[in-house]
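Hi there,

Here is the structure I promised to pass on to you. Please open it next to this email and follow along as you read.

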Amino acid sequence: MNILLESVPWHAAGGGAVIGLAVAVLLLFNGRIAGISGIVGGLLRMSKGDIGWRVAFIAGLVLSVAIWKLFWILPEIKIEASYGMLALAGLLVGYGTRLGSGCTSGHGVCGLSRRSPRSIAATVVFMTMGFATVYWMRHVWF
């Protein structure tokens, strides 16, 4: 395989471009922000006429992995946390999503590109807490 295609920065740039394109298409053609927590939350509320695009968006997220596997090898995923720690992390992320009125995709990807002051503040808090958590978990607690 070509060394340029194996390079991690190319993968990151390509992934970012695809995410940006998906966000722009959803906003342009549907007038909706691609915040995953809001999209999934809307599926749980079941509003008539509002389900199809949400199902299509989530299906696209899931199917993209299957499509990737047809052409390339998925990177190895190594999780060093226990199931309890993963459950706690998921609950904390969910709580933060409710507290911040959105998730990293809605605020970080869509909100920053729209220069939303609320999204800028939320993203600064997300990132700061993420950095602090990694530091604490790797250098203080363990």
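Below is what turned up in it, topic by topic.

First, some ground rules. This is a predicted model, in which local features need pLDDT of at least 70, side-chain atom pairs count only at pLDDT 80 or more, and totals for chains, interfaces and linings use all residues. Residues are numbered from 1 along each chain as its sequence is written, and side-chain values use heavy atoms, leaving out hydrogens and water.

**The core**

A nonpolar core is a set of buried Ala, Val, Leu, Ile, Met, Phe, Trp, Tyr and Cys residues joined through side-chain atoms within 4.5 Å. Buried means under 20% relative accessible area, exposed over 50%, and partly exposed in between, with a 1.4 Å probe and protein chains only. The largest such core here has 7 residues: V23, L26, A34, I39, W53, F57 and C110. Helices are DSSP runs of H or I with at least four residues, numbered from the N terminus. In general, nonpolar side chains tend to be buried together in soluble globular proteins.

Take a look at A34: leaving aside residues up to four places away in sequence, A34 touches V23, L26, I39, F57, S105, G106 and C110. Contact here means heavy atoms within 4.5 Å.

**Helix α6 and the cysteines**

Which residues of helix α6 (residues 104-113) are buried? They are S105, G106, H107, C110 and G111, and their cover includes α2, α3 (36-45) and α7 (117-141).

With a disulfide defined as a pair of cysteine sulfur atoms within 2.5 Å, the count comes to 0. For C103, the nearest cysteine sulfur is that of C110, 8.4 Å away. C103 is buried, at 11% relative accessible area, and C110 is buried too, at 3%.

**Two positive phi angles**

Most residues other than glycine have a negative phi. S101, in the loop between α5 (83-99) and α6, has a positive phi near 55°. R115 sits in the loop between α6 and α7, and its phi is also positive, about 60°, although it is not a glycine. R115 counts as exposed, because its relative accessibility is 71%.

Happy exploring, and write back with any questions!
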